[in-house]
Amino acid sequence: MSEDIDIDTDALAKRMDGALNALRTEFASLRTGRASASMLEPVMVEAYGSPTPINQCATINVPEPRMVLVNVWDKSLVNAVDKAIRNSGLGINPQMDGTILRLPIPELNEERRRELAKVAGQYAENARISVRNVRRDGMDQLKKAKADGMGEDDQKIWEDEIQELTDSAIKRVDDALENKQTEIMQV
């Protein structure tokens, strides 16, 4: 390989891993019929004049498999937290009890499970697109390196390495999607 021209495959791999981590975060927000504190992570509360993550306004506990408790720290924010949860699209109706909001998690019907599986598929497709964009950036680096004097043999070796990274990342995205869809469809 050319010693003066080097493609940073570690940086490309790190960016691909970032896409996978973002996918896992999005998957955690999809509810599967079981209570989970992570399902409230994307919920933003209008607190003190700015959107604030719910976990910075309240403590979230899961005392039983079908119940989430949200203990709001500031009494003046209880209605804002309630409104944010109702408007989040999670399909949960909080029950107020002072500064505590009880979130009963209903059973998912078959239609809702299919909808959530489709949403998971969209999240996975976005992750695949991100991985392919990283691959394209790597290939652009190769084209620039070739213009700077990289030989064709070296270019082919780097292309194969970048493609290998891409294939591995896409396989991990597909595996994560399959696991999440299985979890969603499980009754």
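I'll start with Asp-82, which is buried at a relative accessible area of 8%; buried means under 20% relative accessible area with a 1.4 Å probe and protein chains only, while exposed is over 50% and partly exposed lies in between. Before going on, this is a predicted model, so local features need pLDDT of at least 70 and side-chain atom pairs count only at pLDDT 80 or more, whereas totals for chains, interfaces and linings use all residues. Residues are numbered from 1 along each chain as its sequence is written, and side-chain values use heavy atoms, with hydrogens and water left out.

Asp-82 sits in helix α2; helices are DSSP runs of H or I with at least four residues, strands are E runs of at least two, and both are numbered from the N terminus. Leaving aside neighbours within four places in sequence, Asp-82 is in contact (heavy atoms within 4.5 Å) with Pro-94, Met-96 and Leu-101.

Next, the cores. A nonpolar core is a set of buried Ala, Val, Leu, Ile, Met, Phe, Trp, Tyr and Cys residues joined through side-chain atoms within 4.5 Å. The largest has 23 residues, and Leu-40, Ile-54, Val-68, Val-70, Val-72, Val-81 and Ile-85 have the most contacts inside it. Two or more residues each come from β1 (44–47), β3 (58–64), β4 (67–72), α2 (78–86) and β6 (100–104). Helix α2 gives the largest share, four residues. Ile-54 touches Leu-40, Val-43, Val-45, Ile-60, Val-70, Val-81 and Ile-85, not counting residues up to four places away in sequence. A second, separate core has 14 residues, including Val-131, Val-134, Leu-142 and Ile-162.

Now the helices. Helix α1, residues 9–29, has 21 residues and reaches 31 Å from first C-alpha to last, close to the 30 Å expected; the expected span is 1.5 Å times one less than the number of residues. Its buried residues are Thr-9, Leu-12, Met-16, Ala-19, Leu-20, Leu-23, Phe-27 and Ser-29. They pack against α3 and α4 (152–185). An α-helix has 3.6 residues a turn, so residues three or four places apart point the same way.

Which residues does Arg-128 touch, not counting those up to four places away in sequence? Arg-128 lies in helix α3, residues 110–147, and counts as buried at 14% relative accessibility. The residues touched are Ile-170, Val-173, Asp-174 and Leu-177.
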